Every structure is written in C-alpha cells, then in structure tokens.
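The following briefing sets out the architecture, packing and local backbone features of the structure shown below.

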Amino acid sequence: MARPAAGAALGTRHPTRSPLFRAACLLLGAIVVLGIAAEWVAPYSPTALDAQGLFQAPGVRHWMGTDRFGRDLLSRILFGVRVSVGIAGIAITVALAAGAALGLLAGVGRGLDQLCGRVMDVFFAFPPILLAIAIAAVLGAGVESAIAAIAVVYAPLFFRVVRGSVLAESAQAYVEAAEALGLGRGAILRRHILPNAVSPVIVQTAVCLSYGILIESALSYLGVGVQPPTPSWGTILNEGKEFLALAPWVSLFPGGAIMLTVLALNVVGDGLRDSLDPRAVTR
Amino acid sequence: MRTYLVTRLSAIGLTLLGVSVLVFGMIRLVPGTVVEQLLGQAAIASPEVLQSFRRFFGLDRPLHVQYLEWLGGIVRGDLGTSWLSGRSVLGLFLERVPVSAELAVLAVGWSLCLGIPLGVVSATRPGGLRDGVIRVLATLGLSLPAFWQGTVLILLFSVYLGWMPSLQWVPFLRDPAGNLLIVALPALTLGTATAAMITRMSRSSMLDVLGREYVRTAQAKGLAERRVRYRHALRNALIPVVTVAGVQLGYVVGGLVVVEDVFTLPGVGRLLLDAIFQRDYPVVQGVILLLAAIFMGLNLLVDLLYAVLDPRLRHG
C-alpha cells in the first residue's frame with residue numbers, strides 16, 4: 001500500500017490511479033447505491049417494531065441485531081444513508097451554490113468584496129460545530145434545521161475558496177491577454193477564469209461532504225438534529241447510548257458506517273487534491 | 001508590528017460586534033416567541049400571562065433597545081441572567097471553564113507530543129513503510145467521529161475492562177490522580193483529530209523544508225544528517241505546525257461540546273447543551289458569544305506567535 005502512495009507523492013504516478021483511491025470511490029458508490037435502493041435491499045422496514053425481538057444480538061435473522069424496539073439495525077442503517085448522506089449532500093450543495101456565487105461576485109467587484117468579506121468573517125468567528133449547534137438549536141431539531149445549519153457553516157468556506165482562486169486567476173497573464181483581445185468581463189469570467197477556478201472547489205466539496213456527514217451525525221447524536229424515529233446514523237447512535245452495556249451493537253454499527261463513509265470521502269478528497277492541484281503540498 | 005496589531009484588533013472588534021448581532025438575532029428568530037416556547041402549551045391559553053412574562057423578560061420592548069441594553073451589559077461584564085437558576089451567565093460560565101480548559105489543553109498537548117514526532121518520522125523516508133502506516137493512521141484519525149470514538153472507549157474500558165473512573169468530577173488540585181483518571185479518555189477522544197492534523201502538517205512541512213536550498217547547503221558542507229534534520233530543518237518546519245496547532249485548539253473549543261456530552265463532564269459545552277434543551281436563552285446567547293470570543297482570541301494569539309517565530313514576518 002505504501003508503494004503506490006510513494007509514487008503519487010513523487011508525481012510519478014497519477015494519484016487517482018492508486019488502488020486506495022479506487023477502493024474509496026467504489027465504497028462511496030456502493031454506499032450511495034445501497035441507500036437509494038434501501039427499499040429493496042433492506043431485509044425489514046426501518047421502523048417495524050418487534051416486541052418479541054428486543055435487543056437481539058447480531059445473528060442470522062438480524063445481521064446487525066435489533067434495537068430497543070426490536071427494529072432491525074441493518075435496515076435502519078441502510079435507510080439512514082438517505083438521511084445522513086442526503087442531508088450532508090443537500091446542505092453542501094446549497095453551501096457550494098451560495099458560497100460560490102458570492103465568491104465569484106466578490107472576486108470581481110471591489111465594494112461587494114469588502115462587504116461580503118466582513119460578513120463571512122463573522123461566520124468564521126465560530127468553531128464550525130458550535131455554529132451548527134447554535135443554528136440547529138434555534139431552528140428547532142429536524143431535518144431542515146440540520147441542512148440549514150450545515151449549509152450556513154460551510155458556505156463561507158466555499159466563498160473564501162472561490163474568491164481566492166478567482167483573484168489568483170485574475171492576476172494571471174492569460175487573463176490580461178484576453179482583456180487585451182477585447183473580451184468582456186463576463187466572457188473572461190465565464191470562459192477563462194471559471195474553468196481554472198473549479199478544481200480547488202471540487203477538492204473542497206469532497207472534504208466538506210465528509211465534514212457535513214460528521215456534523216449531521218454529531219447534531220443528531222446530541223439531540224438537536226434529526227429526531228427519532230427517522231433513522232439517521234447519529235439518531236441511531238443517540239438511541240443506543242443509554243443501552244451501551246446491554247446492546248453495544250446499536251452504537252457500534254452506525255458509528256462504523258459514519259467512519260467508513262467519512263474515511264472514503266477523505267481518501268477521495270486527498271487523491272483529488274493531489275491530482276488537481278499539483279502545487280499543494282498538504283499531505 | 002504595532003500597526004499590524006492595531007489593524008488586527010480593530011478587525012476583531014468589528015467581527016465581534018457582528019457576532020453579537022448574529023447571536024442576538026438568532027435567538028429572536030426562534031419560531032414562535034421565546035416565551036411561548038418556554039411556557040409551552042399553557043401560554044397559549046392565557047394572553048395575559050404571556051404578556052406579563054414578556055414584560056418580565058424585557059421582550060416587549062423594540063428589538064434595537066433590547067440589543068443595545070444587552071450589548072451595554074456585555075461591555076460592563078454583565079452577560080445576563082439565567083432564566084432558570086437566576087444566576088449570572090458569566091458566573092455559570094466561569095464555574096465550568098476549568099474543566100473545559102483542562103480538557104482542551106491536555107488534548108492539544110498530547111496531540112502535539114505525538115503528532116510532531118510521527119510527522120517527522122513520516123517525512124524521513126517518504127514512501128517507506130513507516131510513512132505509509134503513519135499516513136493511513138492519520139487519515140483514520142481524521143475520519144473518526146468523536147462521539148463514536150468516545151462511545152467505543154467507554155464500552156471498552158468501563159463495560160468490558162471494568163475500569164470505571166468516578167462519575168463525580170474532582171478538580172485537579174484536590175485529587176490529581178483521580179482527576180487525570182476522569183479526564184484521560186475524554187482528552188484522548190478530543191485530541192484524536194488534532195493529532196492526525198498535526199501529523200499531516202508536520203510531515204508536509206518537513207518535506208517542504210527538506211527540499212529547500214539551505215538544507216542542501218548544510219548537507220553539502222558535510223554536516224551530519226541528524227544535525228541537518230533536527231537543527232536546521234525541524235526548527236523551520238515547526239512554524240506552520242504552530243499555526244495548525246493554534247487553529248486546532250480553536251476547533252477543540254467546538255469539539256468540547258460533543259466530548260463533554262459523551263463523557264458527561266461538567267464543562268462549558270455541557271452548560272450550553274443543557275441550556276439549549278431547557279430553553280434558557282440568556283445562557284445559550286452568553287455561552288456562544290464567549291466561546292466565539294475565545295475562538296477568535298486563540299486565532300489572534302496564533303498569528304502573533306507566528307510573527308514572533310518567523311522573523312521575516314516581524315520585520316517585513
């Protein structure tokens with residue numbers, strides 16, 4: 001495993017061709033497909049109660065065991081993909097759209113840049129999880145609040161990345177050349193600056209998705225995010241914490257799902273960063 | 001240096017003002033009024049009771065008056081009073097600070113002690129077996145959700161090994177051993193992501209410095225490899241690591257909320273969460289504001305430290 005990574009670090013081998021990167025992509029793909037197909041893949045309904053089968057240990061009938069209401073844990077985790085990954089995906093998309101739009105405008109217009117920069121500074125003044133908790137607490141627990149909280153936390157990050165790369169690209173000689181050729185500002189921005197500014201945004205998106213999943217599950221775990229009986233990975237963990245000694249599997253499996261997903265996203269993010277931005281030495 | 005400090009401090013002042021507006025506004029955005037939330041169903045039945053409560057909490061006045069009054073209080077060191085206990089928010093906060101501060105310092109401390117050597121070892125032979133293992137571990141550390149890691153640790157130590165630290169908090173000065181026993185697992189959990197981050201940063205920073213010309217010069221003039229590595233390279237490589245450590249200390253402030261909940265420790269994070277669930281909004285407001293201020297203060301401190309460590313910044 002160390003060998004291909006070494007090649008990647010030295011630039012002799014494309015980072016996205018490493019087996020680790022491919023395995024991570026495959027895993028992410030599998031998780032998303034399983035989540036979408038949860039209705040057909042899951043052995044039971046995620047909310048079906050079974051008074052006879054409370055806290056069954058993982059076994060043949062229930063691969064991951066059952067919880068305090070006898071609900072099948074595997075099914076809950078599979079349906080949980082939709083909630084946990086879905087919330088993170090929607091929230092990061094919103095953050096990306098809002099942050100990138102403002103970042104583009106700020107990178108072009110001076111006055112707006114000052115104003116946006118000041119406002120974003122306010123959001124950067126909070127530790128991310130604290131801001132998310134505050135927003136979720138104010139809006140009241142629920143799926144929408146979790147989405148809003150994550151979007152508000154990460155929009156400033158996208159703003160900063162997009163603005164920074166627009167400014168950096170604007171100073172390049174090819175932009176000057178395009179100006180000299182008489183291209184309008186809109187055309188330069190769209191046809192020349194934007195394509196070059198995209199790659200840091202892609203890397204940022206992968207990284208932020210993993211943070212989004214972590215924050216969603218943290219919010220739900222703390223009880224200010226998704227509420228039971230909706231099966232989010234964090235909610236399942238929250239329900240499991242009272243019965244840790246009795247039924248550890250209720251806590252172990254959803255946490256494992258979170259970790260695997262976040263791990264895969266991190267590996268993908270690192271691979272993308274190394275391949276899209278050869279200048280960065282972040283590893 | 002002085003102009004830098006002045007501009008930075010004024011920028012921070014401005015941002016803090018923005019933060020206060022945001023925190024103040026957020027609480028006022030609560031669906032329904034705060035009082036209705038607080039009183040629940042009972043309030044809807046009787047508008048008079050509702051009105052009297054609003055007057056009691058000062059919520060019947062215009063928003064800007066409420067805000068300016070709150071801000072004026074903050075300037076005088078009065079962050080408001082808890083609706084439930086009637087105690088001052090600042091007092092409640094200060095009471096809890098030692099627990100959280102100890103946890104945060106221990107977490108960042110152990111992650112520095114482990115992360116820097118791991119990063120240096122990793123950078124010694126990039127692509128080697130040790131480098132590979134360390135990098136995989138670092139990626140794993142970054143992917144572990146703190147609340148789950150804490151849960152697994154509790155399960156392992158308390159449930160399976162029967163190693164139960166006291167559930168009652170004991171201050172370090174009263175019983176050092178007992179205190180450390182309580183704090184060990186939470187600090188381990190809180191510092192994991194930070195340790196991973198510092199390992200990565202130390203590695204890349206060390207690799208960066210080892211490629212510099214002055215290092216080649218030192219090697220060319222025949223200095224021992226060890227000397228080049230530790231006397232010349234490491235010192236410079238540590239500068240960006242300090243920044244990362246400082247920034248991480250800030251994130252640890254956020255992580256406290258989660259870790260204190262998992263391990264039921266009486267710190268500021270617990271105070272905030274309890275206040276949220278009890279809808280004790282003055283406490284929520286005050287604690288969030290104070291934590292944001294601490295976060296910003298830490299960031300400023302890191303920038304200053306950076307300037308002290310890197311003479312190019314000091315004189316440039």
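In this predicted model, 49 residues of chain B are in contact with 42 residues of chain A, where contact means that the C-beta atoms of two residues, placed from the backbone, lie within 7 Å. Local features need pLDDT of at least 70 and side-chain atom pairs count only at pLDDT 80 or more, whereas totals for chains, interfaces and linings use all residues. Residues are numbered from 1 along each chain as its sequence is written, and chains are lettered from A and ligands numbered from 1 in the order in which they are written.

- On the side of chain B that touches chain A, at least two residues each are supplied by helices H1 (2-28), H7 (129-143), H8 (146-160), H9 (176-210), H11 (225-262), H12 (268-277) and H13 (281-309) of chain B.
- Helices (H or I, at least four residues) and strands (E, at least two) are DSSP runs, numbered from the N terminus.
- This side of chain B comprises 32 nonpolar, twelve polar and five charged residues; Ala, Val, Leu, Ile, Met, Phe, Trp, Tyr, Cys and Pro count as nonpolar, Asp, Glu, Lys and Arg as charged, and the others, Gly among them, as polar.

**Chain architecture**

- Chain A contains eleven helices and zero strands, and its C-alpha atoms fill a box of roughly 80 × 50 × 30 Å along the principal axes.
- Of the 283 residues of chain A, 48% count as buried; a residue is buried if 20 or more other C-beta atoms lie within 10 Å of its own, exposed if 12 or fewer, and partly exposed in between, with C-beta atoms placed from the backbone.
- Among the contacts in chain A with a separation of 6 or more, 66% involve residues 24 or more positions apart.
- Chain B has 14 helices and zero strands, and its C-alpha trace spans about 85 × 60 × 35 Å along the principal axes.
- In chain B, 38% of the 316 residues count as buried.
- For chain B, 72% of the contacts between residues at least 6 apart in sequence join residues at least 24 apart.

**Nonpolar core**

- A nonpolar core is a set of buried Ala, Val, Leu, Ile, Met, Phe, Trp, Tyr and Cys residues joined through C-beta atoms within 7 Å.
- The largest such core has 157 residues, and those with the most contacts inside it are A:Ala132, A:Ile133, A:Ile150, A:Tyr154, A:Phe158, A:Leu219 and B:Val287.
- Helix H9 (residues 185-222) of chain A provides the largest share of this core, 17 residues.
- Beyond its neighbours within four places in sequence, A:Ile150 is in contact with A:Ala88, A:Ala91, A:Ala132, A:Gly212, A:Ile215 and A:Glu216.

**Helix packing**

- Axes are lines fitted to C-alpha atoms, for helices over the stretch in contact, and angles run from 0 to 180 degrees between N-to-C directions.
- H1(B) and H13(B) pack with their axes 10 Å apart, at an angle of about 160 degrees, which means that H1(B) is roughly antiparallel to H13(B).
- Angles under 35 degrees count as roughly parallel, over 145 as roughly antiparallel, 65 to 115 as roughly perpendicular and the rest as oblique.
- The crossing of H1(B) and H13(B) is right-handed; a crossing is right-handed if the near helix is turned clockwise from the far one by less than a right angle, and left-handed if anticlockwise.
- Residues meeting at the contact of H1(B) with H13(B) include B:Arg8, B:Ile12 and B:Phe24 in H1(B), and B:Tyr281, B:Met296 and B:Asp303 in H13(B).
- The residues of this contact divide into 14 nonpolar, three polar and two charged.
- Helix H4 (residues 73-108) and helix H7 (residues 143-170) of chain A pack at about 35 degrees, with their axes 5 Å apart.
- The crossing of H4(A) and H7(A) is right-handed, and the residues of their contact divide into 27 nonpolar, four polar and one charged.
- The axes of helix H6 (residues 89-124) of chain B and H12(B) come within 7 Å and cross at roughly 135 degrees; H6(B) and H12(B) are therefore oblique to each other.
- In that pair, B:Leu92, B:Phe93, B:Arg96, B:Val97 and B:Ser100 in H6(B) meet B:Val268, B:Gly269 and B:Leu271 in H12(B).

**Local backbone features**

- A:Pro228 and A:Pro229 are joined by a cis peptide bond with omega of about 10 degrees.
- A:Pro229 is placed in the loop between H9 and helix H10 (233-240) of chain A.
- B:Thr264, in the loop between H11 and H12 of chain B, has phi near 40 degrees, a positive value in a residue other than glycine.
- B:Thr264 is exposed, with 10 other C-beta atoms within 10 Å.
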